[in-house]
Amino acid sequence: MTDLDEIDLGLLRALSQDASQSAGALGRALGLSQPATWRRIKRLQELGILLGRRLELDREKLGFGVTVFLGVKLGTKGRVSLEDFERAVCAIPEVQTVEHVLGLYDYRLRVTARDIADFERVLRRRVMLLPGVGSVDANVLLSEERRPGPLG
């Protein structure tokens, strides 16, 4: 692991809370000048620790009120490559995340849809037709709480 000092960790904590903060605002909070803060941010990016900044959208306000987690077990592992499945599933716009996992399922997908009927359409017309899909298990998201990241 790269040696990070308390200022680096404080900077990462602050950015994980609100990535839109300016280098000047971050510097004031951490007791640094704006240029010194910018240099630290740049260094964290160059080290590959700070990978980017993401915009978080309110899916429900945009009309996507249903989130479903799918456990996908491939039925024909030898005949369909994992890359083919991943390429095909990543082309479905309603699929927000694709995770290759170890355990009961081969993949875990996060699917966002307008409502249950829209989700059923995505499931029947897109997910179930993916190459190699054997079985699919669905869990509808009821609520979600944000947990602090590894830096607290």
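User: How do you know that the span of helix α1 agrees with its number of residues?

Analyst: In this predicted model, helix α1 covers residues 6–17, and at 1.5 Å a residue its 12 residues should span 16 Å, while the end C-alpha atoms are 17 Å apart, which agrees.

User: Which residues of α1 are buried, and what do they pack against?

Analyst: The buried residues are Asp-8, Leu-9, Gly-10, Leu-11, Leu-12, Ala-14 and Leu-15, and the buried residues of α1 pack against α2 (23–30) and α3 (34–46).

User: What makes up the largest nonpolar core?

Analyst: That core has 18 residues, and those with the most contacts inside it are Leu-70, Val-72, Phe-85 and Leu-109. Two or more residues each come from β1 (66–74), α4 (82–90), β3 (107–113) and α5 (116–125), with β1 giving the most, 5 residues. Apart from this core lies another, of 9 residues, among them Leu-11, Ala-14, Leu-15 and Leu-50.

User: Why is the pair of Phe-85 and Tyr-107 called tilted?

Analyst: The count comes to 1 aromatic pair. The ring centres of Phe-85 and Tyr-107 are 4.6 Å apart, which is within the 6.5 Å limit for a pair; their planes stand at 40°, and because planes under 30 degrees apart count as stacked and those over 60 as edge-to-face, the pair is tilted. Phe-85 lies in helix α4 and Tyr-107 in strand β3, so the pair ties together parts that are 22 residues apart in sequence, and both residues are buried.

User: How do you know that Arg-114 lies over the face of Phe-64?

Analyst: Arg-114 is at 4.2 Å from the ring centre of Phe-64, and a charge over a ring must be within 6 Å of that centre and within 35 degrees of the ring normal; Arg-114 is accordingly placed over the face.

User: Why is Glu-94 called buried, and which side chain does its own side chain make a polar contact with?

Analyst: Glu-94, found in the loop between α4 and β2 (95–100), has a relative accessible area of 12%, and because buried means under 20%, Glu-94 is buried. Its side chain makes a polar contact with the side chain of Arg-126 at 3.2 Å; leaving aside neighbours within four places in sequence, the residues in contact with Glu-94 also include Arg-110, Val-111, Thr-112, Arg-121 and Val-122.

Notes:
Residues numbered from 1 in each chain as written. Predicted model: local features only at pLDDT ≥ 70, side-chain atom pairs only at ≥ 80, totals over all residues. Heavy atoms only, no water. Helix = DSSP H or I, 4+ residues; strand = E, 2+ residues; numbered from the N terminus. Expected span 1.5 Å × (residues − 1). Buried < 20%, exposed > 50% of the residue type's maximum accessible area, 1.4 Å probe, protein only. Contact = heavy atoms within 4.5 Å. Core = buried A, V, L, I, M, F, W, Y, C linked by side-chain atoms within 4.5 Å. Phe/Tyr/Trp six-rings, centres within 6.5 Å; stacked < 30°, edge-to-face > 60°. Polar contact = N/O pair within 3.5 Å; in protein donor to acceptor, adjacent residues only side chain to side chain.
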